[in-house]
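Please walk me through this structure, from its charged pairs to its domains and its backbone.

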Amino acid sequence: MKKTAIFFDVDDTLLDNHNAFRQTLCQLWPNWQVSQGELMRLYQKFRADSETIYAQAQTEKAHVFLSSHERWAHLIKEIGASGEQSPQQADQLYHKYQQQENLSPEWVQLFKQLQNQTSVQVGVFTNGFKKVQQKKIAQLKLANYLVPEWLLISEAFGDAKPNVSCFEKLKICLPSTIEQFIYLGDSYRNDIVPSLAAGWQPIWINRFEETRTQKGVIEATSIPEAVRQLQQLL
């Protein structure tokens with residue numbers, strides 16, 4: 001068996017932020033009727049705003065970047081609910097639900113299996129602020145399954161997705177005996193494109209069935225399918 005490095009994204013890969021988003025909307029606007037397709041579209045916009053917040057925080061103009069409340073202000077305006085709930089209330093409730101999320105049983109089973117494979121090095125590489133992402137890593141109890149040394153956060157690592165360089169640097173940090181590099185993530189722009197460009201084998205967890213294709217990308221539309229695709233590579 002090839003010596004393999006397998007790294008995972010956190011948000012919307014190991015941590016189900018979409019569920020927290022859905023629960024927040026249901027509690028704040030219980031009578032609001034929305035189709036599954038529209039809910040997915042709103043969440044994708046919400047997620048894009050979240051990525052913009054982090055990207056702006058990395059620039060020299062970090063002091064003027066959008067607050068996390070701003071993404072909720074955009075959403076409230078989008079659904080025509082201005083004045084009913086404040087963005088601050090929505091953000092607080094979202095974080096409350098987010099903090100209740102656990103690793104799915106499929107991920108837990110996979111990590112337990114990988115613990116017994118000496119030819120596999122498993123880790124996490126996530127974008128975000130160190131303190132925020134450390135709390136998520138602790139919440140998911142990832143240290144029960146993965147070596148803390150490989151629970152990597154972009155702010156501490158010194159490079160962030162979608163830079164191809166962060167995947168290239170990660171390769172250099174890993175043991176020289178590694179022959180195969182696999183990365184699992186949900187964001188086509190942040191996870192899939194740069195990891196592929198850096199010589200990793202990306203597995204795209206395409207939860208929202210986006211229509212994007214690129215040679216060399218393995219696609220899965222659910223966690224069980226992603227696990228099966230990964231196991232076929234080992």
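Ten salt bridges are counted, a salt bridge being a side-chain nitrogen of Lys or Arg within 4 Å of a carboxyl oxygen of Asp or Glu. Side chains of opposite charge can pair when their charged atoms come close. One of the pairs is K45 with D49, whose closest N and O atoms are 3.2 Å apart. K45 and D49 both belong to helix α2 (residues 36–57) and sit four residues apart, about one turn of the helix. Another is R47 with D186, with a closest N to O separation of 2.3 Å.

The model is predicted: local features need pLDDT of at least 70, side-chain atom pairs count only at pLDDT 80 or more, and totals for chains, interfaces and linings use all residues. Residues are numbered from 1 along each chain as its sequence is written, and side-chain values use heavy atoms, with hydrogens and water left out.

The protein contains ten helices and six strands; these are DSSP runs numbered from the N terminus, helices being H or I with at least four residues and strands E with at least two. Along its principal axes the C-alpha trace spans about 60 × 40 × 35 Å.

Two domains are assigned: domain 1 (4–15 + 103–233) and domain 2 (17–99), with bounds from an automatic or database domain assignment. Their centres, taken over C-alpha atoms, are separated by 25 Å. The contact (heavy atoms within 4.5 Å) takes 17 residues from domain 1 and twelve residues from domain 2.

Domain 1 and domain 2 bury about 1,200 Å² between them, with 51% of it on carbon and sulfur atoms. Buried area here is the accessible area (1.4 Å probe) that two parts lose on being put together, summed over both. On the side of domain 1, D12, F129 and F208 lose the most area to domain 2, together 46% of what that side buries.

Two salt bridges cross the interface of domain 1 and domain 2. Helices α6 (130–139) and α7 (154–157) each supply at least two residues of the side of domain 1 that touches domain 2.

Two backbone features remain. Most residues other than glycine have a negative phi, and most peptide bonds are trans. D12, although not a glycine, has a positive phi of about 70°; D12 lies in the loop between β1 (4–8) and α1 (17–28). K161 and P162 are joined by a cis peptide bond, with omega about 15°. P162 is located in the loop between α7 and α8 (164–173).
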